[in-house]
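Please keep the structure in view while reading.

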Amino acid sequence: MLPPPIVAVCVLALCVVLGWAHARALDQLDNTAPEIGSDQTGQGEQAGQGDQAGQDAAAPAPTSWGAIDLWGTAESTLAARAVTNAMTDADQAGANCQAFLAMIATSEGTDRKGDPYRVCYGYRHSIEDLSDHPAVTGEWKGESLDQLGPDYVGKISTAAGRYQIIKPTWLACKRALKLPDFSPASQDAAALYLVKNRGALADVQAGRVASAIAACRREWASLPGAGYGQPEQRLAKLSDAFTTAGGVLA
């Protein structure tokens, strides 16, 4: 058995390493900007995820907790468990999570379609194969953003599904949550995982919609205050969408 002083030093060293890894992971997640997107009608719908200048090829995949280290693996497991619990919660907190997801669909404009889970950016393609993200299966290569102006010429958006999740973000969610496909259940879990990673899950569950939107505005460019230069929805409209879907405001 090691002498107590040596054990104490080893424990302290381990804490320092884990703390550094945790801080590094947070840094990488915070510095990952999602991709731009905007409805070609200019009405502020289907804005998609944030602003990687709309170019998947140049967009680094968001760092998954599980891809970092042992600390990250533990964090990923806890996050997955929190998402699972939130998805299956039978009380008002669970209803608020479902309502917030419906609100995101309203903000992104995908709720206008018969099956929002099959919507691709630009509305020109409907997903046929839900075994994975359409940009992963290869059935869809994304849509050009040339129409947004000179800064976007040659760039594309791969925002797809009910929550307009781009390919790199989807791959990170899929890896972290071990999602088997791009089914509605998997898309819901991925969106809620993104909400949790933005630190907004507790606000969503409690019905603090304004706070949750503020925390998630850099994840979805259509949310008010996103600041990506894309049309943004009004908070009042999104609050109405939340309550219409069964959510209860705090």
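## Surface and burial

The accessible surface of the protein chain comes to about 11300 Å², and 57% of this surface belongs to carbon and sulfur atoms; accessible areas come from the Shrake-Rupley method with a 1.4 Å probe, and for residues only the protein chains shown count as cover. Of the 250 residues in the protein chain, 48% are buried, where buried means under 20% relative accessible area, exposed means over 50%, and partly exposed lies in between (1.4 Å probe, protein chains only).

This is a predicted model, in which local features need pLDDT of at least 70 and side-chain atom pairs count only at pLDDT 80 or more, while totals for chains, interfaces and linings use all residues. Residues are numbered from 1 along each chain as its sequence is written, and side-chain values use heavy atoms, with hydrogens and water left out.

## Helices, strands and contacts

The protein chain has 9 helices and 2 strands, which are DSSP runs numbered from the N terminus (helices H or I, at least four residues; strands E, at least two). Along the sequence they follow the pattern α-α-α-α-β-β-α-α-α-α-α.

Among the contacts (heavy atoms within 4.5 Å) in the protein chain with a separation of 6 or more, 61% are between residues 24 or more positions apart.

## Salt bridges

Side chains of opposite charge can pair when their charged atoms come close. A salt bridge is counted here when a side-chain nitrogen of Lys or Arg is within 4 Å of a carboxyl oxygen of Asp or Glu, and by this rule there are 6 salt bridges.

One of them joins aspartate 115 and arginine 118, with 3.1 Å from N to O. Aspartate 115 is partly exposed at 32% relative accessibility, and arginine 118 is also partly exposed, at 26%.

## Pairs that link separate parts

Which residue forms a salt bridge with aspartate 132? The partner is lysine 174, and the closest N and O atoms are 2.6 Å apart. This pair links distant parts of the chain, 42 residues apart, since lysine 174 is in helix α5 (residues 167-177) and aspartate 132 is in the loop between α3 (92-108) and α4 (134-137). Lysine 174 is partly exposed, at 26% relative accessibility, whereas aspartate 132 is buried, at 8%.

Glutamate 219 and arginine 198 also meet in a salt bridge, at 2.7 Å from N to O. Glutamate 219 lies in the loop between α8 (209-216) and α9 (235-244), and arginine 198 lies in the loop between α6 (184-197) and α7 (201-206), so the pair ties together parts that are 21 residues apart in sequence. Glutamate 219 is buried, with a relative accessible area of 7%, while arginine 198 is partly exposed, with 21%.
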